Amino acid sequence: MSLNERKLRILQAIISDFIYSAEPVGSRTLSKKYDMGISPATIRNEMSDLEEMGFLTHPHTSAGRVPSDKAYRLYVDNLMKKYEISEDEKKLIDEKLTSNVIEFEKTIQHAASLLSELTNLTAFAMTPKPEKDTIKHIKLMPVDEITVILMIVSESGKVSNTALKLAVPYTEEGLDIIGKAMTYSYKGKSITDALKLDIIKSFEHDIEAMSKLAQTIVPNFLKTLQNMLDVNLYMDGLTNIFSFPEYNDIDKAKVFLKMLDKKDHFRDILINRENGVIITIGDENSDEIIKDCSLITATYHVDGTIAGKIGVIGPKRMKYDEVTSIIEYVTENLSNTFKLSGGSENNE
């Protein structure tokens, strides 16, 4: 049995109607809403063939049909038309991502929030894997008599600010000297390489006060570096799932939220996905916890090299054309933002 042009037209109409209505689609609906040029009886026969071919399923409580994972895959690969983002949406994305680059982590958070707002789905944004990230700048800033802020800026733009309680007195000049010495020693080194260095030795022959100050600061510095090796995952719009009829069942909604609550596991799933715009639907997802969902991810770049991921997760019945176009536009703007800003220019 072949998937001829007529069957494709009927299948595309069923998928489009179901995505927007969430109601199983029958032959009468297709006959009334779409100019098929064929009788309802012929449409029914074609729908039966499509079901036999695995493109439609037949809910027991309804006379209509709904698309299968196989149908959504065909739609995404061959039938989906390009969605044109409105000028208002483009303006919103441009303003939130490119006109106010704060620090790297906050910009990534904004990307997740923006995706959730535009798609009405649960959205996420993940920072790059940091193995190749290098240190750019280290600064120590006084707060009060015993507290200073240790700021570490990486080449990717990642900024870590840590408050340190010092056990010995300090001067601003002393902090400045240590900050410059540490920058000189660590600049250009990867975070993993930096963890292997013993910078305290470089202060051993300095005056006693400086040496004691360094002995207090350096262990905290190394602990902060270790934390910077983590890949951070930001999520937004977790409760958006309740707006979908598929999740009117509270138990089903709880399963979805419980899945996303396993943040470390979900982060591992994202890390292992390929780069580029990747759409996996239902059973295409290798992990059991997301086999009832569709997952769309895309990669952004910092200076054309270090890549992180952004995307959405939701029911298989989602507006793939609209969501994909929005993700692609956000990703492009995010990459351009970090390219133009040099990642951390605004943080020094």
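## Starting at Asp176

At 33% relative accessibility, Asp176 counts as partly exposed (buried is under 20% relative accessible area, exposed is over 50%, partly exposed is in between, using a 1.4 Å probe and protein chains only). Asp176 sits in helix α7, residues 172-186.

A few ground rules. This is a predicted model, where local features need pLDDT of at least 70 and side-chain atom pairs count only at pLDDT 80 or more, while totals for chains, interfaces and linings use all residues. Residues are numbered from 1 along each chain as its sequence is written, and side-chain values use heavy atoms, with hydrogens and water left out.

## The whole chain

The protein has 12 helices and 10 strands; these are DSSP runs numbered from the N terminus, helices being H or I with at least four residues and strands E with at least two. Of its 348 residues, 49% count as buried. The accessible surface comes to about 17,300 Å², and carbon and sulfur atoms hold 49% of that (areas from the Shrake-Rupley method with a 1.4 Å probe; for residues, only the protein chains shown count as cover).

How much of the contact list joins residues at least 24 apart? Among contacts between residues at least 6 apart in sequence, the share is 64%, where contact means heavy atoms within 4.5 Å.

## Cores

The largest nonpolar core has 73 residues, and Phe266, Ile313 and Tyr320 have the most contacts inside it. (A nonpolar core is a set of buried Ala, Val, Leu, Ile, Met, Phe, Trp, Tyr and Cys residues joined through side-chain atoms within 4.5 Å.) Helix α12, residues 320-341, supplies the largest share of this core, with eight residues. Apart from it lies another core, of 17 residues, including Ile135, Leu140, Leu164 and Tyr170.

Ile313 is worth a click. Beyond its neighbours within four places in sequence, its contacts include Leu121, Thr122 and Phe124, as well as Phe256, Met259, Leu260 and Phe266. Ile290, Cys293, Ser294, Leu295 and Met318 are also in contact with Ile313.

## Helix α1 and its partners

Two packed helices are described by the angle between their axes and the distance between the axes. Here, axes are lines fitted to C-alpha atoms, for helices over the stretch in contact, and angles run from 0 to 180 degrees between N-to-C directions. Helix α1 (residues 5-21) and helix α3 (residues 40-52) have axes that come within 10 Å and cross at roughly 85°. That makes α1 roughly perpendicular to α3 (65 to 115 degrees; under 35 is roughly parallel, over 145 roughly antiparallel, the rest oblique). On the α1 side the contact uses Arg6, Lys7, Ile10, Leu11 and Ile14, and on the α3 side Thr42, Ile43, Glu46, Met47, Asp49 and Leu50. By class, that is six nonpolar, one polar and four charged residues (Ala, Val, Leu, Ile, Met, Phe, Trp, Tyr, Cys and Pro count as nonpolar, Asp, Glu, Lys and Arg as charged, and the others, Gly among them, as polar).

α1 also packs against α4, at an angle of about 105° with the axes 11 Å apart, so these two are roughly perpendicular as well. Leu8, Leu11, Gln12, Ile15, Ser16, Phe18 and Ile19 of α1 meet Ala71, Tyr72, Leu74, Tyr75 and Leu79 of α4. This contact has 10 nonpolar, two polar and no charged residues. Helix α4 (residues 69-79) is largely enclosed by the rest of the structure, because eight of its 11 residues are buried. Those are Asp69, Ala71, Tyr72, Arg73, Leu74, Tyr75, Val76 and Leu79.

Met126 belongs to strand β3, residues 122-126, and is buried at 3% relative accessible area. Not counting residues up to four places away, Met126 touches residues including Ile108, Val231, Leu233, Arg267, Tyr300 and Gly308.

Tyr234 is in strand β7, residues 233-236, and is buried at 18%. Leaving out neighbours within four places, its contacts are Glu105, Ile108, Gln109, Ala112, Ala123, Phe124, Ala125 and Thr127.

## Positive phi

Most residues other than glycine have a negative phi. Ala22, not a glycine, has a positive phi of about 65°; it lies in the loop between α1 and α2 and is buried at 19%. Asn120 has phi near 60°, lies in the loop between α6 and β3, and is partly exposed at 47%.
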